[in-house]
Amino acid sequence: MSMADRDGWIWFDGALKPWREAAVHVLTHTLHYGLGVFEGVRAYATPRGAALFRLPEHTRRFMQSAHILGIELPYSSEQLAAAQAEVVRANQLAQGYVRPLAFMGAGKMGVDPEGAGVHVAIAAWPWGAYLGDGAMERGIRVRISSFARHHVNVQMCRSKSVSTYANSILAHREARADGFDEAILLDTDGFVAEGSGENVFLVRDGRLIEPEVASALEGVTRRSIIALAAEEGIAVETRRVTRDELYIADEVFLTGTAAEVTPVVEVDRRRVGDGRRGPITARLQERFFACVRGADARHADWLTPVA
């Protein structure tokens, strides 16, 4: 089904609009020059109804992304959080994916966006396993991309910006064309950065290791996994990670709002561990899904009920 031709509602500049009417002009500034920011939030089905996972953290990152790029949002974080819940309710979703987007309008052309005007839209729709059905149990195959992640002073890597994802698209399409499920990008110094849309973790000798978050986005799911690992007594180490460390890791997995917690069983046609989802990955998956589905009272504060 086309993303444009659907029933439902999209929050657009402060009000709900019928899905098919939430359109912009072909000369929209962001369409031509790429200045815009977005966010991804999942709503999960819980015993109390649909609930948004870590809504304040996602909304804060959205606000910070805009601030980094000099985009002045016309709404407060409270207004944007309420709008995200409103969109889930309006579309009667028991669970799904929420996409806030801030972009520059069609007020003018030229590189300087001054005068183009800032618009905000929020959509929500059902979305299953991002990296394929069965990926959570079976795991995925990845390759190291020939494309490097941005240098930290080329693209502002703390901002979840529209333009960053051209780099992600190149890496992901290359991986898919070569028969892999996903790509992992190195930074400009040759160290592991992140997936095309996910953070990376590896396990060695019972320790959880994450690459330094320099050219990678500070993931909300990533922070959740670090917190859960600490509760499980799993030591977490943050440092530079080399490409070949992924080859000899006991386990590798990706985290992200869309990807959730996805095991990696092969990197560059080299088997990771025994080629199956590892025990620490499975343990953290179990804790994560218990939290997002409202079955773990220890992290009830991570859920914002929609009703």
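User: Where is Val267 found?
Analyst: Val267 belongs to strand E15. Please note that this is a predicted model.

User: Is Val267 buried or exposed?
Analyst: Val267 is buried, as its relative accessible area is 0%.

User: Which residues is Val267 in contact with, leaving aside its neighbours within four places in sequence?
Analyst: Val267 is then in contact with Val142, Ile144, Leu246, Tyr247 and Val272.

User: And how far apart are Val267 and Arg223 in space?
Analyst: Their C-alpha atoms are 24 Å apart, and the two residues are 44 residues apart in sequence.

User: What else is there in E15, for instance where is Glu260 found?
Analyst: Glu260 is also placed in strand E15, which covers residues 260-267. Its relative accessibility is 8%, so Glu260 counts as buried.

User: What is phi of Glu260 near?
Analyst: Phi of Glu260 is near 60°, which is a positive value in a residue other than glycine. As background, most residues other than glycine have a negative phi.

User: Which loop does Gln92 lie in, and what is its phi near?
Analyst: Gln92 sits in the loop between helix H3 (77-90) and strand E6 (96-104). Its phi is near 50°, again a positive value in a residue other than glycine.

User: Buried or exposed, that Gln92?
Analyst: Gln92 counts as exposed, because its relative accessibility is 74%. Glu260, by contrast, counts as buried at 8%.

User: Let me step back to the whole protein. How many helices and strands are there?
Analyst: The protein has eight helices and 17 strands. Its radius of gyration is 19 Å, close to the 19 Å that the globule rule gives for 307 residues, so the protein is as compact as a globular protein of that length.

User: What does the C-alpha trace span along its principal axes?
Analyst: The C-alpha trace spans about 55 × 45 × 35 Å along those axes.

User: How many of the residues count as buried, and what area does the protein expose?
Analyst: Of the 307 residues, 50% count as buried. The protein exposes about 13900 Å², and carbon and sulfur atoms supply 51% of that area.

User: What share of the contacts comes from residues 24 or more positions apart?
Analyst: Among contacts with a separation of 6 or more, such residues account for 70%.

User: How far apart are the mean positions of the positive and negative charges?
Analyst: The mean positions of the 35 positive and 39 negative charges are 2 Å apart.

User: Now the aromatics. How many aromatic pairs does a search of the whole structure find?
Analyst: The search finds 12 aromatic pairs. In one of them, the rings of Tyr97 and Trp127 have their centres 4.6 Å apart and their planes at 90°, so this pair is edge-to-face.

User: Where do Tyr97 and Trp127 lie?
Analyst: Tyr97 is in strand E6, while Trp127 is in the loop between strand E7 (118-125) and helix H4 (135-138), so the pair ties together parts that are 30 residues apart in sequence. Tyr97 is buried, with a relative accessible area of 4%, whereas Trp127 counts as partly exposed at 33% relative accessibility.

User: What about the rings of Phe288 and Phe289: how far apart are their centres?
Analyst: Their centres are 5.2 Å apart and their planes stand at 80°, so this pair is edge-to-face as well. Both Phe288 and Phe289 are buried.

User: Which residues do ring pairs link into a cluster?
Analyst: The cluster consists of Tyr44, Phe53, Phe288, Phe289 and Trp302.

User: Changing topic, where is Ala295 found?
Analyst: Ala295 is in the loop between H8 and E17, and at 64% relative accessibility it counts as exposed. Ala295 and Thr46 are 249 residues apart in sequence, with their C-alpha atoms 7.9 Å apart in space.

User: And what is the place of Ala297?
Analyst: Ala297 lies in the loop between helix H8 (279-292) and strand E17 (303-305). Ala297 is exposed, with a relative accessible area of 72%. Its C-alpha atom and that of Val220, 77 residues away along the chain, are separated by 19 Å.

User: Last one: which strand does Gly256 lie in?
Analyst: Gly256 lies in strand E14, residues 251-256, and counts as buried at 10% relative accessibility. The C-alpha atoms of Gly256 and Gly197 are separated by 7.1 Å, although the residues are 59 residues apart along the chain.

Note on methods
Residues are numbered from 1 along each chain as its sequence is written. This is a predicted model: local features need pLDDT of at least 70, side-chain atom pairs count only at pLDDT 80 or more; totals for chains, interfaces and linings use all residues. Side-chain values use heavy atoms; hydrogens and water are left out. Helices (H or I, at least four residues) and strands (E, at least two) are DSSP runs, numbered from the N terminus. The radius of gyration is taken over C-alpha atoms; the globule rule is 2.2 Å times the number of residues to the power 0.38. Buried means under 20% relative accessible area, exposed over 50%, partly exposed in between (1.4 Å probe, protein chains only). Contact means heavy atoms within 4.5 Å. Accessible areas come from the Shrake-Rupley method with a 1.4 Å probe; for residues, only the protein chains shown count as cover. Lys and Arg count as positive and Asp and Glu as negative; His and the chain ends are not counted. The place of a charge is taken as NZ of Lys, CZ of Arg, CG of Asp or CD of Glu. Rings of Phe, Tyr and Trp (its six-membered ring) pair if their centres lie within 6.5 Å; planes under 30 degrees apart count as stacked, over 60 as edge-to-face and the rest as tilted.
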